[in-house]
Amino acid sequence: GGADADPYAEAYDEDEDELSDLNFTTYLSDGTQVALVPNGAATPVQLADWRAYVEAVAACRLRESAPLLRSLRNGLASVLPVELFPVFTAEELEVLVCGVREVDVELLKSCTEYEEVDESEPHIGFFWDVLEEMRPEERTQLLKFVWARSRMPNSAKDFPMNFKLQGPPTGSQDDPDSWLPHAQTCFFSLSLPKYTSKETLRAKLLFAINNSPNMDADVRLHSAEGWAE
């Protein structure tokens, strides 16, 4: 009798024990329990049908977001020609709809105008040097500070307005190194004191972009000088 014993019987028994608490139900992201087959709560998962159970769970979880995705698509279809979406890759479509992930300094520079300040002034040069040397996430923070957006348009023609580098804030002329930059997101503008060194500009700019309150609307004044709000 021993010679005829199934050498895998013990392993089968262990697998059956592991499946003993499973039935043909699963839980969705919101914690709701749903049946995978009719009367799934009363249908235990057997060793012979574990693969069917796994496939049913996977299919259920993958489909649960379908209504949300349909609503998202309908929303996009109200403002974008979704029939053209198949022409683009996912990456191309992201750039077209959302803009580029990283701030392109040369593109920003090409879309910059100067108000009451000359682009050849030393502190303006310091600004562009610092921007070039920033980490990508710091440049994104700067864009949020001056425009309340985290991404730039894909090209110069897509900018709704130019970036404005403005003359020093009123009152900063006597002691510029003690002042912080001043930005207005509704005008996509940045007023820079005439800092006396690149390192001073770097320190003041980084402090401003990392400590200024987050914007919740483009019409709100965005300044790191005071947090009266």
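Predicted model: local features only at pLDDT ≥ 70, side-chain atom pairs only at ≥ 80, totals over all residues.
Trainee: Where does alanine 148 sit?
Mentor: Alanine 148 is in the loop between helix 7 and strand 4.

Trainee: What is the phi of alanine 148?
Mentor: Alanine 148 has a phi of about 60°, a positive value, although the residue is not a glycine.

Trainee: And phenylalanine 188, what is its phi?
Mentor: Phenylalanine 188 has a positive phi of about 50°, and it is not a glycine either. Phenylalanine 188 belongs to the loop between strand 5 (182–184) and strand 6 (189–191).

Trainee: Buried or exposed, that phenylalanine 188?
Mentor: Phenylalanine 188 counts as buried, because its relative accessibility is 0% and the cut-off for buried is under 20%.

Trainee: Let me step back. How many helices and strands does the protein have?
Mentor: There are 8 helices and 7 strands in the protein.

Trainee: What share of the residues is buried?
Mentor: Of the 229 residues in the protein, 30% are buried.

Trainee: And what share of the contacts comes from residues 24 or more positions apart?
Mentor: Taking the contacts with a separation of 6 or more, 62% are between residues 24 or more positions apart.

Trainee: Which residues have the most contacts inside the largest nonpolar core?
Mentor: Phe127, Trp128, Val146, Phe163 and Leu190 do, in a core of 31 residues. Helix 5 (105–110), helix 6, helix 7 (136–147), strand 4 (163–166) and helix 8 are the elements that give two or more residues to this core.

Trainee: What does tryptophan 128 touch?
Mentor: Leaving out residues up to four places away in sequence, tryptophan 128 touches Val105, Leu108, Lys109, Thr112, Tyr114, Phe163 and Leu165.

Trainee: What other core is there?
Mentor: Another core, of 7 residues, lies apart from the largest one, and its members include Leu19, Leu36, Val57 and Cys60.

Trainee: On to helix packing. What describes two packed helices?
Mentor: The angle between their axes and the distance between the axes.

Trainee: What are those values for helix 6 and helix 8?
Mentor: Helix 6 (residues 122–133) packs on helix 8 (residues 198–211) at an angle of about 60°, and the axes are 9 Å apart. That angle makes helix 6 oblique to helix 8.

Trainee: Left-handed or right-handed, the crossing of helix 6 and helix 8?
Mentor: The crossing of helix 6 and helix 8 is right-handed.

Trainee: Which residues meet there, helix 6 against helix 8?
Mentor: From helix 6 come His123, Phe126, Phe127, Asp129, Val130 and Glu133, and from helix 8 come Lys198, Leu201, Arg202 and Leu205. By type, the residues of this contact of helix 6 with helix 8 are 5 nonpolar, 1 polar and 4 charged.

Trainee: What about helix 7 and helix 8, at what angle do they cross?
Mentor: Helix 7 and helix 8 cross at roughly 70°, and their axes come within 9 Å. They are therefore roughly perpendicular to each other, since that class runs from 65 to 115 degrees. The crossing of helix 7 and helix 8 is left-handed.

Trainee: Which residues make that contact?
Mentor: Glu138, Gln141, Leu142 and Phe145 of helix 7, with Leu205, Leu206, Ala208, Ile209 and Asn210 of helix 8. The residues of the contact of helix 7 with helix 8 divide into 6 nonpolar, 2 polar and 1 charged.

Trainee: Phenylalanine 207 lies in helix 8 too. Is it buried, exposed or partly exposed?
Mentor: Phenylalanine 207 is partly exposed, with a relative accessible area of 43%. Not counting residues up to four places away in sequence, phenylalanine 207 touches Leu180 and Ser212.

Trainee: How far is phenylalanine 207 from proline 181?
Mentor: Their C-alpha atoms are separated by 9.4 Å, and the two residues are 26 residues apart along the chain.

Trainee: And what is threonine 200 in contact with?
Mentor: Threonine 200, which is found in helix 8, is in contact with Asp177 and Tyr195, leaving aside neighbours within four places in sequence. Threonine 200 and proline 176 are 9.8 Å apart, C-alpha to C-alpha, and 24 residues apart in sequence.

Trainee: Last one. Where is phenylalanine 88?
Mentor: Phenylalanine 88 is in the loop between helix 3 (66–77) and helix 4 (90–98). Phenylalanine 88 is partly exposed, at a relative accessible area of 34%, and touches Leu93 and Leu96, not counting residues up to four places away in sequence.

How values were computed
Residues numbered from 1 in each chain as written. Heavy atoms only, no water. Axes fitted to C-alpha atoms, helices over the stretch in contact; angles between N-to-C directions. Helix = DSSP H or I, 4+ residues; strand = E, 2+ residues; numbered from the N terminus. Parallel < 35°, antiparallel > 145°, perpendicular 65-115°, else oblique. Left-handed = near helix turned anticlockwise from the far one by under 90°. Contact = heavy atoms within 4.5 Å. Nonpolar A, V, L, I, M, F, W, Y, C, P; charged D, E, K, R; others polar. Core = buried A, V, L, I, M, F, W, Y, C linked by side-chain atoms within 4.5 Å. Buried < 20%, exposed > 50% of the residue type's maximum accessible area, 1.4 Å probe, protein only.
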